[in-house]
Structure formats: structure tokens, C-alpha cells
Amino acid sequence: MSATAINKPIYSITPFTTLDYPKHLASILWFAKCNMACPYCYNPRIVREKGSISTEEALTFLSTRKGRLDGVVLSGGECTLYPFLEDFCTHIKALGFSIKIDTNGSQPSVIQSLVEQKLIDYIALDYKAPQEKFTTITAHKNFEPFSETLNYLIHSRFPFEARTTLHSDFLTTNDINTIIDDLSRRHYPHTYYLQNYLHVEETLGATKMQQNKFDLSLLTQTLPIELRNF
Ligand code: SF4
């Protein structure tokens with residue numbers, strides 16, 4: 001990663017959200033760049049373009065939100081690609097905020113270190129696709145790091161959610177049932193979130209509206225499932 005990317009890693013800041021961090025009033029810091037390229041990605045500019053805000057500037061902003069907000073979401077892009085993340089989380093924690101991370105799970109050692117040092121409080125982990133479709137959907141060659149992150153979070157009993165964005169032209173009912181079976185086999189103890197793709201004009205892969213119909217009644221019911229945006 002270039003020095004510019006590291007000096008100004010944050011693409012933009014959403015000052016206030018009640019939706020992205022369960023039971024928290026939070027700000028979202030959007031980290032530029034990602035190591036995946038999901039066609040339905042809603043944030044193509046964040047993934048492709050450079051950041052413009054330094055961590056120091058973000059901390060100055062957050063210090064003005066003390067007492068008004070109680071959480072910070074680190075999203076993107078993929079924040080776990082940045083080598084200073086532990087230090088940054090330490091400073092956010094010192095301001096008194098809880099931290100949620102949105103991640104594609106590709107950096108298990110980073111997640112493990114953040115969890116073990118108690119630098120984060122909640123994770124939303126994208127389960128992009130079953131192993132056999134993982135590279136097709138993400139353009140990331142290896143399912144194993146994600147699998148390792150998932151196993152670690154389950155076995156460490158860390159509070160997190162596994163979630164899948166569903167575009168029915170990319171993922172079928174069988175694919176989602178394969179994910180549900182895999183989560184059940186690993187003894188995933190939380191609710192699984194299935195997020196319906198909502199069409200926007202600008203996505204990373206110029207994705208079209210969903211043409212295929214997804215039949216929710218065919219989903220395997222071996223774990224709690226919550227639907228978003230259906
Ligand atoms: S949707 Fe895919 S490409 Fe977009 S930020 Fe998430 S992992 Fe990266």
C-alpha cells in the first residue's frame with residue numbers, strides 16, 4: 001500500500017447513523033481500497049479511489065462527538081488492510097467509543113489481534129459465497145482466510161454477525177443453503193443476516209437489477225435467519 005494511501009486512508013465520514021451499529025449511535029469511517037471486487041459492491045468509488053482524510057483528522061472529528069455518540073463503525077473498503085489499525089483503534093477507545101468493524105474476513109491475523117487486545121467490540125463479517133463460488137463473486141483467490149476468521153470468531157465467542165448480500169443472479173437458493181449448512185456445521189451461534197441487494201446505478205461491476213426470483217420458503221431452517229431489505 002502506498003504512503004499516500006496510508007497517510008490519508010479514510011475516504012469519507014458519515015457523522016451519524018442509528019442503523020449500522022446495533023444499539024449504538026455511531027459515526028462511520030469509510031476506509032478506501034479493498035482486496036475484493038464484488039460486482040454488486042455499493043461503494044465503487046471507495047474501493048477504487050484514494051482516501052482524503054488522515055487518522056488524525058478522523059480522531060479530531062470523533063473527539064467533537066464525545067457524549068453525543070457512543071460508537072464508531074470502521075467500514076469501507078476493507079479497513080483490516082491498514083497496518084496501523086490497532087493503534088487507531090487504541091486512540092478511538094481512549095475517546096470512550098465502542099468499535100464495530102465491517103470486514104470481508106480476509107485478514108484473520110488482524111482480526112485475531114484486535115479481538116485479543118480488546119480493541120473492538122463487534123464485527124459484521126461478510127460471508128460472500130460458498131467456497132466453490134467464492135472467487136467468482138469476490139475476485140479474491142482464496143476462501144481459506146475468510147474460513148479461518150469465521151472459525152476464530154465462533155471459537156473465541158466474540159460478538160459478531162455473519163451476513164450475505166443476496167443478488168439472485170449471482171447466488172441461488174442452493175448457494176444460500178450451502179452457507180447455512182456450513183454455518184450450522186461450524187456451530188455458528190448467532191443470527192444469520194440475509195441482505196437483499198437493492199439496485200443502485202453505480203456498483204463496482206455495473207450490476208443489473210435482479211432478474212431471477214429467490215424463493216425464501218426453500219431456505220434451510222437450521223439457524224435463526226433475519227432478512228434485511230426484502
Ligand atoms: S462489497 Fe466486496 S468489493 Fe465492496 S467493499 Fe465489500 S468486500 Fe470490498
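Biologist: In which helix is Ile 111 found?
Modeller: Ile 111 sits in helix 5. Helices here are DSSP runs of H or I with at least four residues, strands are E runs of at least two, and both are numbered from the N terminus. This is a predicted model, where local features need pLDDT of at least 70, side-chain atom pairs count only at pLDDT 80 or more, and totals for chains, interfaces and linings use all residues. Residues are numbered from 1 along each chain as its sequence is written.

Biologist: Is Ile 111 buried or exposed?
Modeller: Count C-beta atoms, placed from the backbone, within 10 Å of the residue's own: 20 or more others means buried, 12 or fewer exposed, in between partly exposed. Ile 111 has 26 such neighbours inside 10 Å, so Ile 111 counts as buried.

Biologist: Which residues does Ile 111 touch, leaving out those up to four places away in sequence?
Modeller: Contact means C-beta atoms, placed from the backbone, within 7 Å. Ile 111 touches Thr 80, Thr 103, Thr 149 and Tyr 152, with residues up to four places away not counted. Thr 80 is 31 residues from Ile 111 along the chain, yet their C-alpha atoms are separated by 7.5 Å.

Biologist: How do I read a helix pair?
Modeller: Two packed helices are described by the angle between their axes and the distance between the axes. Axes are lines fitted to C-alpha atoms, for helices over the stretch in contact, and angles run from 0 to 180 degrees between N-to-C directions. Take helix 5 (residues 108-116) and helix 7 (residues 144-155): they pack at about 20°, axes 9 Å apart. Helix 5 is therefore roughly parallel to helix 7; that label needs an angle under 35 degrees, while over 145 is roughly antiparallel, 65 to 115 roughly perpendicular and the rest oblique.

Biologist: Which residues make the contact between helix 5 and helix 7?
Modeller: Helix 5 supplies Pro 108, Ile 111 and Gln 112. Helix 7 supplies Pro 145, Glu 148, Thr 149 and Tyr 152. By class, that is four nonpolar, two polar and one charged residues. Ala, Val, Leu, Ile, Met, Phe, Trp, Tyr, Cys and Pro count as nonpolar, Asp, Glu, Lys and Arg as charged, and the others, Gly among them, as polar.

Biologist: In what order do the strands of the open sheet come?
Modeller: Eight strands run in the order 1-2-3-4-5-6-7-8, with mixed pairing. Strands pair if DSSP finds at least two bridges between them. Strand 1 (10-17) and strand 8 (225-228) are the edges, each pairing on one side only. From one strand to the next, the twist averages 20°. Strand 1 and strand 2 (residues 26-31) run antiparallel, joined by five bridges. Ile 10 has Phe 31 of strand 2 as its bridge partner.

Biologist: Which residues does the cis peptide bond join?
Modeller: Gly 76 and Gly 77, with omega about 15°. Gly 77 is in the loop between strand 3 and helix 4 (85-94).

Note on methods:
Contact = placed C-beta atoms within 7 Å.
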